[in-house]
Every structure is written in C-alpha cells, then in structure tokens.
Amino acid sequence: MDNYQIGMAQLYVAKSPGIIRSTGLGSCIGIILYDPFAKVGGMAHAMLPKHRPGRGDNKAKYVDTAINTMLEDMEALGAGPMNIIAKLAGGAQMFPDSDKDSLMIIGEKNIAAADEHLGTLGIPIVAKDVGGHSGRTLELDCRDGTLYIKTVTTETKI
Amino acid sequence: MEKLNFNEQDLLTEVGTIGTGHAATAMADILGQKITITVPNVELVSFNRVAEYIGASGSNLACIYFDVLGDLPGTVLVMFTENSARRLLNTFMPDEPLIFLELSQLQQSALMEMGNILSGAYLTALADFSNQRMSLSVPRLAVDMAEAMLSVPLIKLGSETDRALLIQARFFEESSNRGYIVFFPNQGATTRLLEIFGVGSDG
C-alpha cells in the first residue's frame, strides 16, 4: 500500500488504498484534491500563495502551481478533471500578532489564494478546517477521501 | 547558494559559538547552575528536513519567536522541550501547577523573558563580533508542534530559496531536557555575514 509522508513545499498523489500524511502544518496550507470515482487523491503542503517568475521551480511550494501540478499528476493516475473535489486545512497564525505585520497573516493569504485558484478552476471546496492558532497534522485516506486532522489537543475528520 | 564551503562553515560556526557562549552564561547566571551548550551546527537545510535536522521532528515544543532587525536581519527561535520548560519554570515558580499545553500568563511571561535573555545575549555577541547593528523584536510565544512553528521563519525565506541556513545549538544536552536556539539569517544577511569576514563564496 502506498503510504507516503510529505514535508513542507512537497506534494504527492496516490490511488486507493494509499495514505498521504503531512506533519505540523502551521501557516502553510494543506490542499487536498480527490476524485471519489477513480479514488485518486493528492495532498500539497504549500507555503506561499502565488508563484512568480524568478521564484524557482519548486511547484509544490506555491498554492497555485501546487494545485495545477496535482491535477496533472492525478489525471495521469486516472482521475477525471470534472470529478475532483477539494478540502483545505491549515493556514494558522502560529504566533500572536502584536503589530499586524504581513508575515503573521500569511496563513490567511494562503487560504485566500487556495479559495481563489480552486474557484477559478471550478473545483468545489467541500470541507475546510483552516485558520486558528494551532498546527495541524494531516492524513488523507485515498480509499474514501477522508481527511484526518490532529492538533496538539484535538482530533477531527472532514 | 547551494552548499557551504569549508571556510564558510567554519566562519559561521565561530560566529554561532560566540553567540551561544554568551547565551549559556546568561542562562547559567539566572538558574544558578552550570549550563552545557553544544558547538553550533551550521548547515543549509532543505525546508522539508529542518525539523528533523534540528532533532525536533514530531515533538511539541515551547517556542519563542523573534524577528531580528538591523544589518543582519532574520529570525531567532528559542525552543524548549516540555521537560526543559518544566525545569526552567520550576526554578522560578516551583508552586505553580504546570500544564505544558495550557501555560498560565505568568509562565508564558517567564518563558518569553528567558527567550529574551538568551536571544539577547546571543545577538549582542554576534553584533559585537561582526560590528553590525542588530536588534530584536518583542518575543512571541507558542506551544505547539515543532514543524508548525518552524514553518514561520521558513515562509519568510520561502520566496527566495528552498533551503534555510541554520545556525543552531542545543543546551541541556546532558539529559532529555533539551533547549534549542536557532538563528535563521535572511538570504541577504547570510551573504553579508560572509562578506564581512572576507569569506568568498568560492573560497
């Protein structure tokens, strides 16, 4: 069985019964794409909202290019572009913000970028667990698309 | 920058050693006990391997975050494992009940103050040694997953690079009580540090 751990600025796609995990997302955003018919899933641990020229070639680092890359990789595994749904988790603000500097709200920017890019592509976001002040560990079960989310004090699934 | 050469590594280790030496002294003064601190590790590490490299992956830590301002900007994190945070807090307030994930205001203040003293000593030494102006922001504290907190300085570097330069040392090495002090210079600050000490990238 495919059982894969991704780190910051990485992505992975897998078929059922694969499991994709990522530990300790803070302000980064976890973007989960899933085709419930082909049972093909993908997870990206993206750090920043938008890729721009001169920002290197790591597509998993940016929300927009991570989504595009996952779509291509999932289609190669048999996913149908019209069947894909999305879930989002992460985008926390880890440290309390005293002066509203832009770094501290990068989590919100990542969430907004994912909303916007998925909206443009017409991919529905069926569930979200975003924002707040806690890190999250994610586990996607590609058998049914369930996303398990742990913080230091809570466990949930969406 | 893809890799540090021998001279760069050597120089940055020396810079880190001066800083951590001062930090250890400051901490020993407060605690009234000898503090052991490791020689810093200096390495360019891929983002996805930073927590593992520091030796903190999968653990919950108390982390005090500082922006470094001035000529060599970056981020400093001072991090304590649960055991080392307990050890510190028990020294200051032995009677206060302690739940690591729900620290009281007073306990949070004490840890931030400890972070202030450690990072202040560290950076003052570094600023004096390099003859650069450096100052620290106010401390910010979180108790959470190591990876989640480490993501904050990495995101700051993220638009420029896929690797972070880490100058990190561990203290309380003698037991499971572990603390970390990590300086993440910005890309520009790293170049400047190397220039100040005359270590070229091809040296």
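These are my notebook entries on a predicted model with chains A and B.

**Ground rules**

I number residues from 1 along each chain as its sequence is written, and I letter chains from A and number ligands from 1 in the order in which they are written.

**Entry: His45(A)**

I looked up His45(A) and found it in strand 5 (residues 40-46) of chain A. Strands (E, at least two residues) and helices (H or I, at least four residues) are DSSP runs, numbered from the N terminus. Is His45(A) buried or exposed? His45(A) counts as buried because its relative accessibility is 2%. The cut-offs are under 20% relative accessible area for buried, over 50% for exposed, and partly exposed in between, with a 1.4 Å probe and protein chains only.

I then listed its contacts (heavy atoms within 4.5 Å). Leaving aside neighbours within four places in sequence, the partners of His45(A) include Ala9(A), Gln10(A), Cys28(A) and Ala60(A).

**Entry: two positive phi angles**

Ala9(A) is not a glycine, yet its phi is positive, about 65 degrees. I placed Ala9(A) in the loop between strand 1 (3-6) and strand 2 of chain A. With a relative accessible area of 7%, Ala9(A) is buried.

Lys39(A) is not a glycine either, and its phi is positive at about 55 degrees. Its loop runs between strand 4 and strand 5 of chain A. Lys39(A) is partly exposed, at 36% relative accessible area.

**Entry: a cis peptide bond**

I found a cis peptide bond between Ser16(A) and Pro17(A), with omega about 5 degrees. Pro17(A) sits in the loop between strand 2 (11-15) and strand 3 of chain A.

**Entry: helix 2 of chain A**

Helix 2 (residues 106-121) has 16 residues and reaches 22 Å from first C-alpha to last, close to the 22 Å expected at 1.5 Å a residue. The expected span is 1.5 Å times one less than the number of residues.

Which residues of helix 2 of chain A are buried? I noted Ile106(A), Gly107(A), Asn110(A), Ile111(A), Ala113(A), Ala114(A), His117(A) and Leu118(A).

The buried residues pack against several elements, among them strand 5 and helix 1 (63-76) of chain A, and helix 5 (146-158) of chain B. After helix 2 of chain A comes Gly122(A), with a positive phi near 75 degrees.

**Entry: chain A against chain B**

I counted 34 residues of chain A in contact with 24 residues of chain B. The buried area between them is about 2,300 Å², and carbon and sulfur atoms give 69% of it. This is the accessible area (1.4 Å probe) that two parts lose on being put together, summed over both.

How many salt bridges cross the interface of chain A and chain B? The rule (a side-chain nitrogen of Lys or Arg within 4 Å of a carboxyl oxygen of Asp or Glu) finds 1. Its partners are Lys61(A) and Asp162(B), at 2.7 Å from N to O. Strand 3 (19-25) and strand 8 (136-141) of chain A each give two or more residues to the side that touches chain B. Strand 3 gives the most, with 3 residues.

Technical notes: Predicted model: local features only at pLDDT ≥ 70, side-chain atom pairs only at ≥ 80, totals over all residues. Heavy atoms only, no water.
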